[in-house]
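The following paragraphs guide a reader who is new to this structure.

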Amino acid sequence: MGLLYPSALVFFALVPALLIAYLVRERPARVMVSSVLAFRALRGLKGERPWGMPQLDWLFLIEVVILSLAVLAMAQPYVVRKRKPLAVVMDNSAAMQAKTPSGSSRFEVASTRLAAMLSAEPPDAEISLYVTAPQPHRVGEPFDGPARARSALGRVIVTDAPDQRDAVGRLLTDLAASGSFSEVIFASCHPVNGSVQSNVRTITVSDPVPNYAIGSFRLRREGFGAAALRARLKLANFTSQNRTLKVVLNGDGKQLATADAEVEARGVMSMEFPQVAPATIYRAELQPTDDFPLDNLAFATAAAVKAVEVLFVSPVPTDATSLSSLPGVKLRVQSPENYSPADAETADVTIFEYTVPKELPAGNALLVMPPAGDPVFNFAIRPANGIQIASWQRPDPLTDEVNFRLLELNRGEFFDLHPWMESIVSGNGGGLLLAGTRQGHRYVAAGFNPFPFLGKQNLPMSVLTLNMLSYLAGLGADSVGYRTGEPWLVPAGVEKIILPSGASVAVKPGTLFTAATQQGIYQLVDASGERRPRATMLGDLAESDLDLATPVTMQVPSEKRGTPIFTADIPLTVYVIAAMLFLAAVEGLIAYRRRRRSLGMDL
Amino acid sequence: MLGLPAELTPEFLARLEHLRVKTRREYAGMGKGAHLSPKRGSSLEFSDFRHYAVGDDFRYIDWGLYGRTDKLYIKLFKEEEDLLTYIFLDASASMAYPAGDHKFESAVAIALALAYVSLASGDRVMIRVLAGEGERLATSLVYGRYRIVELARRLAAVKPGGQLDLVPALVRELVTIKRAGKVFIISDYLMMLNSVTTGLGLFGAAAMDVTAIQVLGGREISGQGIDGNVELVDAESGERVRVSMGSRSRQQYHETLVRLSREIKSFCFKRGLNYTLYTTDRGFHDFFLRAAAELGLVH
């Protein structure tokens, strides 16, 4: 037992004060009687106290106890109880869906073994439950007792998302070294290696599972303005034998093509389907099936299915002509005078040419040759002639597949160092292409004007422009498909998203959508009810490799901690106050009875 | 009415008319009355014989005795005289407590009722107040029932107070009494028992017919109204006693007081004195008429 504020015990000095007050208050009443003759015999009964002190009665004792309890309550007493805090990390990544030889999934086996392990824990154990996918995180508040933890464990759903092994390793390291848990239990299909601490217990369900997988499913246009697409799949054979794998490609429910491929044992190969007919949703199925059917399916949507809404704000509206020729681009042109901040909220990308907005746009924006000295972006600009590309960042979605050797820029402007935008492409006199994010939105500033040169006559410029638009509108991700567990930006105008399970989630444009943990087609619904499909697939061959269980590596803890003592302080103040109230009620009752008895008895 | 206490209503006084004071002895009075006197007189009560002497009234010669003895004897008869009644009223401070019990007022009513019985019987009454404040009441022997008004008026002026030492006080009174008679001593007798017995014994030794009337308060005898830690102050001596009064101690106090009364009663019984106890929570009229014999009264 301890006291939170032991200094409050000085108030115990009030007890003598109460005693004095009591003695003053309880001085015996003086009563005149006819004779004390018959009372003398009583003196031997309860006797007079020395120095005429009155006898202390129950009321005084109760008051002393109440005062003592009040002082104790001020000191805030507590008792120290030993506790056993446990951290349980349950792997709910996609690989846990694989079936074991018993017919149950890895997840089911791990859950059963984990529940049995928790049943052996003491009833007052405090259990924190963590899951690994899509990102390692704790499930709710710590649970009191194994029963509640088992119940919560039963509600954990295995996702289609791959696990983040590095993040899981860091989580385990932090949990084991934090000193907050007496033990860390990790249930996964991945073994643990590295600096495994003694307080880490593992439940490993890592029976090898022969598996075939589709690693990626990408769609690209055959060329600018072409309606036909080219599909490319990456296939993997995680068995010990060469196998012939068959891929069936469907478009909007119709079979479009099939292809067979001989894949070596533990080998990976690519398969392409040229001239794929346009469709809204493409589905690739790998045959034969195996014990991990999740990665035998892949989904993709055509990038041209939904046009990207581009708002072009420029004093030279004719510059937008070349943009309108791009497939999949829906263009709106507006003069700077008529532009309002609300316009940017309804567009996927807003392009400001030779102008800048008066406030930060509420959406992704491309600034083409912005004027110097604006208060919003505060660019430092120097005019440039005879521009030579000096460097560019790789890999970067803006520079992907751009042949900067062939990029011709006659004139433009160089950017000096910017406070929050990073130079992606630099010329001989400064930055030419800056990119940065603010308030969850992406901004790109170009020191040159690409629009007059779009087309096949300047292919690198076209690719660079498409990269910029893809980066700002998410087209780049569209083309390669989305992966389960990876968050993405909610496009402009989208108000809700229908998950592959059929559940509907309300969203806000421009924010991150983090619930993409299921493989399949997500329907993005805008205000008019129009639906835009978005494909999400596992697409992680490391997750699909069920033959070799990749270990989770724990790090050496950054600081050495002593052996922690796991205790909990249980405050007793409430009980002390309750006892005070009870005693006060008893005192009131006694006083009331005494008063009633003495009514009308005055001599 | 007429300054009499509220207890002495006309109806009650009318009932008192039928009572008279009874003595266990014959006392010489001061005039003709209804009580036999040790003196020879002309009543119908035979007393003795004596030889005839010249000049005796022939009517009192016992002729039957002359026939048998051939000698002349004169029959003597007792005299009937009035009774001298002495009423001593304790007006010490103890009679004023407990205030709500009105002990002194009750004692005054008893004294006046006894006086009225005597006066109505043609006896003489003297009331003496022991201790007390205000005018010291020491009446001479009064005669005639109308004097009850005067006695009541004079008693009304008496306020209880002071300390009473019973034996010296009674000694002082005794030496002033020239003729024996009936004595009523009205007090709470809350004093040491030997003082009570000595005081009462004085009158017994002086051949007085004594009735001790003890007046106690109703709440006084039960100990009500004293609760918890109290400092009790003796109304007369100022002595202080601290007690913790609870139900048990209250019961013990009551038993002590009852035992004290019982010992006084026992003493009176042994000495041939009358004793009665009146507690103020009883009905006054009922008490007086029912306890007439104990008071030394007869119908």
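Two residues are said to be in contact if their C-beta atoms, placed from the backbone, lie within 7 Å. Among contacts in chain B between residues at least 6 apart in sequence, 77% join residues at least 24 apart. The model is predicted, so local features need pLDDT of at least 70 and side-chain atom pairs count only at pLDDT 80 or more, while totals for chains, interfaces and linings use all residues. Residues are numbered from 1 along each chain as its sequence is written, and chains are lettered from A and ligands numbered from 1 in the order in which they are written.

Chain B contains 10 helices and 12 strands; these are DSSP runs, numbered from the N terminus, with helices (H or I) of at least four residues and strands (E) of at least two. A residue counts as buried if 20 or more other C-beta atoms lie within 10 Å of its own, as exposed if 12 or fewer do, and as partly exposed in between, with C-beta atoms placed from the backbone. By this criterion, 41% of the 299 residues of chain B are buried.

An α-helix has 3.6 residues a turn, so residues three or four places apart point the same way.

Is B:Gln251 buried or exposed? B:Gln251 counts as exposed, because it has 12 C-beta neighbours inside 10 Å. This residue belongs to helix H8 of chain B, residues 247-271.

In chain A, helix H4 (residues 106-119) and helix H5 (residues 146-154) have axes that come within 9 Å and cross at roughly 170°. Axes are lines fitted to C-alpha atoms, for helices over the stretch in contact, and angles run from 0 to 180 degrees between N-to-C directions. The crossing therefore makes H4(A) roughly antiparallel to H5(A), a term for angles over 145 degrees. On H4(A), A:Ser111, A:Leu114, A:Ala115, A:Leu118 and A:Ser119 meet A:Pro146, A:Ala149, A:Arg150 and A:Leu153 of H5(A).

Strand S4 (residues 85-90) of chain A has 5 of its 6 residues buried. S4(A) pairs in the parallel sense with strand S5 (residues 126-131) of chain A over 6 bridges, and A:Val89 stands opposite A:Tyr130 in S5(A).

Antiparallel pairing joins strand S13 (residues 243-251) of chain A to strand S16 (residues 281-287) of chain A through 6 bridges, with A:Leu286 in S16(A) as the bridge partner of A:Val247. S16(A) is in turn joined by 5 bridges to strand S17 (residues 297-301) of chain A, and these two strands run antiparallel. In S17(A), A:Phe299 is the bridge partner of A:Arg283.

Methods: Angles under 35 degrees count as roughly parallel, over 145 as roughly antiparallel, 65 to 115 as roughly perpendicular and the rest as oblique. Two strands pair if DSSP finds at least two bridges between them.
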